[in-house]
Amino acid sequence: MTHASMLGRALVAAALITVSAPQAASAGKNHGPGVTDAEIRVGNTMPYSGPASALGAAGKVIAAYFAMVNDSGGVNGRKIDFRSLDDGFAPPKTVEQTRRLVEDDQVAFMFATMGTAPSSAIQRYLSQNGVPHVFVISSAAKFNDPQNFPLTIAFPWQPPYAAEARIYLEHLRRTRPGARVAVLYQNDDSGKEYVRGLREALGAEADRVIAAALPFEVTEPTVDSQIVTLAATKADALMILGVTPRACSQAIRRAWETGWRPVRFLASSCINPEQILKPAGLEKADGLVTMLAFRTVTPDSANDPPVAGFLDFMKKYAPAVDPADFYAVYGYTVAGALVEVLKAAGDDLTRENIMKQAANMKGVRLPMLLDGITLNTSPTDYRPLRSGYLAVFRDGQWRPFGELLTAD
């Protein structure tokens, strides 16, 4: 893909200068697999097809970001060869495509694989083969386990699932003491972790406060029956705890159609207005509460310098992707995080040093993170993002409120 090499906004231009600026030389060149003097080969799987195909926008924007970086000379003089294969959000396909990338394409590492279940399916294989699994797209706690899986590190779009659920519960208890909760959750590691967080926070009160908790499968054509059953509980609150767009959108619409009007919490992986809220009906989404760690593209934010820079990038490098798509914002940000890691690695591009740099991020600021949020990791804590703001959907856009919340 060929793109223009200059961006119009000062913010993005400054970022490019930073990317191409000379770095302090390490003790001689030290290349690992997938690295030459000219390029760094990076592997990825993404659901470009199937029930979670809307998430594929993240992969398209990651590719566009690396094209921008390559147009400016790459990272420390090396171009990023980004090889992204479709896995349809099906773990067996993720395994097949990952083996192809590792064994045939000889990638330096795997990067930004989408989803908890697909990424879980390849975690042990990559670990056993010494291949870093950098910035998995998941908020599951299992990916923060440096003792047992030192080569796996995630880049969540919000605090860990269990912590996010606890934050929603705390907000509900402050605003609606004594409220009972109905839960719709995705029947995989992500959804189960949300529910576990709720139960742990409630302790002995869990069975009283949780009126019902019903799972759904990603492959199910509809979640209507689950929502009808949950509505029959007449619970005071509904938590929609999924990460796939179709189910989240259906749940919002069907709950509204039943006439049930609980306080509604929406998992922050499902906040995309274009892919989820508009199909459900924006009027039905009004009043939803979620968590935000990233800036959103709205008429009110379009002139903010970070958002304006992002919009210029999208216009030049990813014109086919809607810039208001949250998955586009995420792709832009996780790609920027990887560039920071590669810059820090300098000329020591062994797998060991790439992982070391990913596990030692300190106060990294990226344009589309909300104010006060930086990326931080350590060899004993692999959670780069652990903070966010509660936000409510009003008048067609997400509006953050309250103070910055951090999951410990």
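Trainee: Is R41 buried, partly exposed or exposed in this predicted model?
Mentor: R41 lies in strand β2, residues 39-46. Its relative accessibility is 15%, and the cut-off for a buried residue is under 20%. R41 therefore counts as buried.

Trainee: Which residues are linked with R41 in a network of salt bridges?
Mentor: Leaving aside neighbours within four places in sequence, R41 is in contact with G34, D81, R83, D105, Q106, V107, A108 and F109. A polar atom of the R41 side chain also lies 2.8 Å from the backbone oxygen of D105. The residues linked with R41 in the salt-bridge network are E39, D81, R83 and D105.

Trainee: How many salt bridges does the count come to?
Mentor: A pair counts when a side-chain nitrogen of Lys or Arg is within 4 Å of a carboxyl oxygen of Asp or Glu. By this rule the count is 23.

Trainee: How far apart in sequence are the parts that D347 and R78 tie together?
Mentor: D347 and R78 form a salt bridge, with their closest N and O atoms 2.8 Å apart. D347 sits in the loop between α13 and β12 (348-349), and R78 in the loop between α2 (56-71) and β3 (79-86), so the pair ties together parts separated in sequence by 269 residues.

Trainee: What is the closest N and O distance in the salt bridge of D207 with R199?
Mentor: D207 is exposed, with a relative accessible area of 62%. R199, at 37%, counts as partly exposed. The closest N and O atoms of the two residues are separated by 3.1 Å.

Trainee: Which residue meets K284 in a salt bridge?
Mentor: K284 is buried, its relative accessible area being 15%. Its side chain takes part in a salt bridge with an N to O distance of 2.8 Å. The partner is E283.

Trainee: D325 is buried yet has no salt bridge; what is the nearest side chain of opposite charge?
Mentor: D325 lies in the loop between α12 (305-317) and α13 (326-345). Not counting residues up to four places away in sequence, D325 touches A57, N272 and Q275. The nearest side chain of opposite charge is 8.2 Å away, while a salt bridge requires a distance within 4 Å. That side chain belongs to K60.

Trainee: Which backbone nitrogen does the side chain of D325 reach?
Mentor: The distance is 2.8 Å, and a polar contact is a pair of N or O atoms within 3.5 Å. The backbone nitrogen is that of Y327.

Trainee: Is the pair of F66 and F82 stacked, tilted or edge-to-face?
Mentor: The structure holds 20 aromatic pairs. In this one the ring centres are 5.3 Å apart and the planes of F66 and F82 stand at 75°. Planes over 60 degrees apart count as edge-to-face, so the F66 and F82 pair is edge-to-face.

Trainee: Which backbone nitrogen lies 2.8 Å from a polar atom of the side chain of D236?
Mentor: D236 lies in the loop between α8 (224-231) and β9 (237-241). At 28% relative accessibility, D236 counts as partly exposed. Its contacts, leaving aside neighbours within four places in sequence, are R176, G178, A179, R180, P262 and V263. The nitrogen asked for belongs to R180.

Trainee: With which side chain does S84 make a polar contact of 2.5 Å?
Mentor: S84 lies in strand β3 and is partly exposed at 22% relative accessibility. Not counting residues up to four places away in sequence, S84 touches N44, M46 and Y48. The side chain of Y48 makes a polar contact with that of S84 at 2.7 Å. The 2.5 Å contact is with the side chain of N44.

Terms used:
Residues numbered from 1 in each chain as written. Predicted model: local features only at pLDDT ≥ 70, side-chain atom pairs only at ≥ 80, totals over all residues. Heavy atoms only, no water. Helix = DSSP H or I, 4+ residues; strand = E, 2+ residues; numbered from the N terminus. Buried < 20%, exposed > 50% of the residue type's maximum accessible area, 1.4 Å probe, protein only. Lys, Arg positive; Asp, Glu negative; His and termini not counted. Polar contact = N/O pair within 3.5 Å; in protein donor to acceptor, adjacent residues only side chain to side chain. Contact = heavy atoms within 4.5 Å. Phe/Tyr/Trp six-rings, centres within 6.5 Å; stacked < 30°, edge-to-face > 60°.
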